[in-house]
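Hello,

Here is the structure for you to look at. My notes on it follow below.

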2 protein chains.
Amino acid sequence: MTKEIEFWFDFSSPYAYLASERIEELATRHGRSVVWRPFLLGIAFRAEGTKPLTHYDAKGRYSTHDFARSARLWNIPFSLPDPFPAAAQDASRLFIWLDRHRPQQAVPFLHAIFRAYFVGNRFIGDRAVVLQVAGETGIDMDQAARAIADQGIKDRLRELTREAVGDKGVFGAPTMIVDGELFWGADRIDMLDQWMTRGGW
Amino acid sequence: MTKEIEFWFDFSSPYAYLASERIEELATRHGRSVVWRPFLLGIAFRAEGTKPLTHYDAKGRYSTHDFARSARLWNIPFSLPDPFPAAAQDASRLFIWLDRHRPQQAVPFLHAIFRAYFVGNRFIGDRAVVLQVAGETGIDMDQAARAIADQGIKDRLRELTREAVGDKGVFGAPTMIVDGELFWGADRIDMLDQWMTRGGW
């Protein structure tokens with residue numbers, strides 16, 4: 001069995017977007033597969049008593065500056081969308097449906113959504129935008145609309161969120177988990193890299 | 001004029017301790033001097049609406065795990081003290097006094113305090129412990145007691161805190177500033193290293 005990197009994310013997280021652009025290269029280098037796990041970051045914030053980074057004052061200004069600085073360091077196109085953040089559950093639901101029923105289309109859709117928001121400034125909080133991006137990725141838009149409205153898919157997103165927040169101890173995005181070890185933040189990819197190389201320390 | 005790295009810290013911060021063990025080597029390598037700047041982290045937390053890491057639930061468990069994991073990665077002795085955190089204003093005041101009046105003793109005292117708390121589990125929230133550590137570092141304990149009680153020194157710590165929180169946009173510790181650019185967190189030392197090497201990006 002191929003070992004995995006669990007990648008817990010919400011489409012509204014800039015750092016999750018940045019990490020999503022780097023994690024596959026890292027996984028390939030270590031002979032691992034990426035298991036993409038969307039969850040509702042807002043639920044994690046509520047459980048912890050925290051909030052989106054940009055809703056803090058000084059921390060918000062720092063983060064806004066650091067999103068772009070980190071993106072330049074890693075050569076990833078980025079601009080902070082406006083409005084920000086977005087409630088991204090529609091995109092997450094569609095990702096879950098694709099992952100189950102059209103696995104070939106799931107990861108391309110994931111990257112397309114992240115880039116639509118964080119490069120193209122398209123507001124993924126609107127269902128119409130999510131469906132447009134799906135269409136551009138070659139996904140049947142009517143099928144996508146049904147998937148987003150599917151109760152079983154909605155339940156699955158709640159279930160993943162419970163798993164993240166309740167069982168795994170996830171409180172922010174991205175959270176990467178290898179062999180039970182959590183790494184929180186796009187800026188921990190190098191540490192994760194070392195962890196896999198050395199088999200922990 | 002030698003260029004500087006401003007190192008903003010509170011003696012109660014585990015990540016500030018870890019970074020304090022690495023920053024001088026980094027500065028030397030880049031021909032810079034470290035300017036040590038204590039401030040009252042609790043004031044920054046209050047201004048931001050945040051709190052000590054270990055006071056969060058999942059984030060607290062993660063951080064507790066990560067303090068030790070980061071310390072092992074960087075080969076720095078560490079154990080999380082109990083009780084934690086400590087109100088470290090006495091140690092900060094004495095550091096400020098030493099920095100002004102006994103500059104040779106200031107940095108050795110700084111490292112001694114950090115290590116007393118984060119290696120030796122000695123509660124630096126107690127003035128008696130601060131004075132003991134001062135004594136062990138060769139500082140006159142009566143002089144140290146007067147320094148801690150000095151109104152001008154107390155005022156200076158408040159002033160530094162206002163400078164950090166009000167002017168510089170500091171919201172956590174450690175915060176390292178080079179040429180006006182902020183880097184928050186012990187885990188950003190490698191990024192800071194690259195920033196100085198490349199002169200920004």
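Chain B and chain A bury about 2,800 Å² between them, with 52% of it on carbon and sulfur atoms; buried area is the accessible area (1.4 Å probe) that two parts lose on being put together, summed over both. This is a predicted model, in which local features need pLDDT of at least 70 and side-chain atom pairs count only at pLDDT 80 or more, while totals for chains, interfaces and linings use all residues. Residues are numbered from 1 along each chain as its sequence is written, chains are lettered from A in the order in which they are written, and side-chain values use heavy atoms, without hydrogens and water.

In this interface, 28 residues of chain B are in contact (heavy atoms within 4.5 Å) with 28 residues of chain A. Between the two chains there are 6 salt bridges, each a side-chain nitrogen of Lys or Arg within 4 Å of a carboxyl oxygen of Asp or Glu. Asp66(B) forms a salt bridge with Arg188(A), and their closest N and O atoms are 2.7 Å apart.

Which parts of chain B supply at least two residues each to the side that touches chain A? They are helix H4 (58-73), strand E4 (181-184) and helix H10 (189-198); helices (H or I, at least four residues) and strands (E, at least two) are DSSP runs, numbered from the N terminus. H4(B) gives the largest share, 9 residues. By class, this side of chain B has 12 nonpolar residues (Ala, Val, Leu, Ile, Met, Phe, Trp, Tyr, Cys and Pro), 10 charged (Asp, Glu, Lys and Arg) and 6 polar (the others, Gly among them).

Regards
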